[in-house]
Amino acid sequence: MRFAPDRSTYLRAQAWLAALAVAGAVVVLWAMDSPYVWTGAVGALAAIGLRGWFLGRDEMNTVWELQGDTLTGPGTTRIHLDNIETIKTMGHIVQIVTKDGMKHLIRYQSDPKAVIERLSAAHRSIRGVA
């Protein structure tokens, strides 16, 4: 079973980040009594747009796979299902906390609750719980 990032979820997350950055930049420049408040909006949009473009390819290639009793992630990340302590969502992100305290993120999931259900079902099945 594969957990691949969803492009529309990624773009939506970047749009929210850009909106927050624009608001923050405008408020800071307004509080400083700058006559060029609009430059905060332009700069924030440019920065988040460039960041989104630069990181987009890497984020879209980050795929997690569930094979038997092991969840394999980017690089050398391998998590045995028995080592999982907690699985929870944070917006479009699924956070996995292992028993040794390591935290892993499966990002940009269109349905993070479905990912949790699949992982939980696999975890129960290896423990022999129905």
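**A hairpin and its surroundings**

Modeller: Take β2 and strand β3 (residues 70-72): three bridges join them, and the pairing is antiparallel. Two strands count as paired if DSSP finds at least two bridges between them. Strands are DSSP runs of E with at least two residues, helices are runs of H or I with at least four, and both are numbered from the N terminus. The model is predicted, so local features need pLDDT of at least 70 and side-chain atom pairs pLDDT 80 or more, while totals for chains, interfaces and linings use all residues. Residues are numbered from 1 along each chain as its sequence is written, and side-chain values use heavy atoms, without hydrogens or water.

Now look at the bridges themselves. Leu66 has Leu71 of β3 as its bridge partner. Two residues lie between β2 and β3, and the unit is a hairpin. Gly68 sits in that turn, with a positive phi of about 65°. Gly68 is exposed, at 61% relative accessible area. The scale is simple: buried is under 20%, exposed is over 50%, and partly exposed is in between (1.4 Å probe, protein chains only). From the C-alpha of Gly68 to that of Pro112 is 20 Å, and the two residues are 44 apart along the chain.

β2 also has two faces. Trp64 and Leu66 make up the covered one. Glu65 and Gln67 make up the uncovered one.

Turn to the other side of β2. Here β2 (residues 64-67) pairs with β1 over two bridges, again in the antiparallel sense. Trp64 of β2 is the bridge partner of Phe3.

Another hairpin is worth a look. Strand β5 (residues 84-90) pairs with strand β6 (residues 93-98) over six antiparallel bridges. Ile84 stands opposite Thr98 in β6. Two residues separate these strands, and Gly91 has a positive phi near 70° in this hairpin.

Step back to the whole chain. The protein chain has three helices and seven strands. Its radius of gyration is 19 Å, well over the 14 Å of the globule rule for 130 residues, so the protein chain is more spread out than a compact globule. That radius is taken over C-alpha atoms, and the rule is 2.2 Å times the number of residues to the power 0.38. The C-alpha trace spans about 65 × 25 × 25 Å along its principal axes. Of the 130 residues, 34% count as buried.

Contacts come next. Contact means heavy atoms within 4.5 Å. Of the contacts between residues at least 6 apart in sequence, 47% join residues at least 24 apart.
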